[in-house]
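Here is a short briefing on one protein model. Keep the sequence and the 3D view open as you read.

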Amino acid sequence: MQQYKFNGDYKLRKIFNRELINLIHTSDMDLVVAVPVSQHTMMTRGFNQVASLLEGIELTEALQVKVTKKMQQSHFNRRARMKREQPFSIIDEKIIEGQSILLVDDVYTTGSTLHHAADLLLAHGADSVKSISLAR
């Protein structure tokens with residue numbers, strides 16, 4: 001994951017792509033939402049590591065990172081991660097109203113990222129939210 005995510009080895013996205021796509025196809029959810037990255041991350045890394053893992057899947061852009069530059073979560077301990085403010089905002093709640101959403105992240109450490117994202121989606125009208133992550 002280090003090589004792929006932080007060292008920009010983009011070709012590694014293909015290793016788990018097929019398995020993730022198969023898992024998503026069996027999920028029976030209306031929308032698939034990848035956890036977004038900040039504008040800063042997109043500019044420096046050049047790709048969203050989650051969306052890239054899901055190449056071939058129709059993704060819904062429902063969330064965006066509120067701050068332009070977000071500190072890497074790996075710089076925070078568990079307690080700090082759990083106390084973080086909501087890092088996301090909704091792009092367009094009409095898209096998610098009444099929908100069952102599969103939320104996808106690359107790494108599950110404390111669950112705070114998925115928790116924040118799911119809470120926000122549910123608060124803005126999503127019918128249900130399930131999540132998967134590649135690694136824990």
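Where is D28 found? D28 sits in the loop between α2 and β1. The model is predicted: local features need pLDDT of at least 70, side-chain atom pairs count only at pLDDT 80 or more, and totals for chains, interfaces and linings use all residues. Residues are numbered from 1 along each chain as its sequence is written, and side-chain values use heavy atoms, with hydrogens and water left out.

**Overall build**

- The protein has 7 helices and 5 strands. Helices (H or I, at least four residues) and strands (E, at least two) are DSSP runs, numbered from the N terminus.
- Along the sequence, the pattern reads α-α-β-α-α-β-α-β-α-β-α-β.
- The radius of gyration is 14 Å, close to the 14 Å that the globule rule gives for 136 residues, so the protein is as compact as a globular protein of that length. This radius is taken over C-alpha atoms, and the rule is 2.2 Å times the number of residues to the power 0.38.
- A box of roughly 40 × 35 × 25 Å, taken along the principal axes, is filled by the C-alpha atoms.
- Of the 136 residues, 43% are buried. Buried means under 20% relative accessible area, exposed over 50%, and partly exposed in between (1.4 Å probe, protein chains only).
- Among contacts with a separation of 6 or more, 81% join residues 24 or more positions apart. Contact means heavy atoms within 4.5 Å.

- D28 is exposed, with a relative accessible area of 69%.
- D28 and I101 are 73 residues apart along the chain, yet their C-alpha atoms are separated by 9.4 Å.
- S100, in strand β4, is buried, with a relative accessible area of 11%.
- Not counting residues up to four places away in sequence, S100 touches D28, M29, D30, L31, D127 and S128.

**Strand β1**

- Strand β1 covers residues 31–34; L31 and V33 point one way, V32 and A34 the other way, and all are buried.
- β1 pairs with β4 (residues 100–107) in the parallel sense, over 4 bridges. Two strands pair if DSSP finds at least two bridges between them.
- In this pairing, V33 stands opposite L103 in β4.

**Helix α2**

- Helix α2 (residues 14–25) has 12 residues, which should span 16 Å at 1.5 Å a residue; its end C-alpha atoms are 17 Å apart, which agrees. The expected span is 1.5 Å times one less than the number of residues.
- Which residues of α2 are buried? They are N17, L20, I21 and I24.
- These residues cover an arc of only 105° around the axis, which puts them on the same side of α2. The arc is that of the directions from the helix axis to the C-beta atoms.
- An α-helix has 3.6 residues a turn, so residues three or four places apart point the same way.
- I15, R18 and E19 are exposed on the other side of α2.
- The buried residues of α2 pack against β1, α4 (49–53), β4 and β5 (128–135).

**Helix α7**

- α7 has 12 residues and reaches 16 Å from its first C-alpha to its last, close to the expected 16 Å.
- Its buried residues are S112, T113, L114, H116, A117, A118, L120 and L121.
- The buried residues of α7 pack against β2, α5 (78–82), β3, α6, β4 and β5.
- G125 follows α7 and has a positive phi, near 105°.

**Nonpolar cores**

- A nonpolar core is a set of buried Ala, Val, Leu, Ile, Met, Phe, Trp, Tyr and Cys residues joined through side-chain atoms within 4.5 Å.
- In the largest core, of 17 residues, L63, F88, I96, I101, L103 and L121 touch the most other members.
- β1, β2 (63–65), β3 (88–90), β4 and α7 (112–123) each supply at least two residues of this core. The largest share, 5 residues, comes from α7.
- A second, separate core of 15 residues includes I21, V32, I57 and L102.

**An exposed lysine**

- K94 lies in helix α6 (residues 93–96). K94 is exposed, with a relative accessible area of 67%.
- K94 and A62 are 32 residues apart in sequence and 9.5 Å apart in space, C-alpha to C-alpha.
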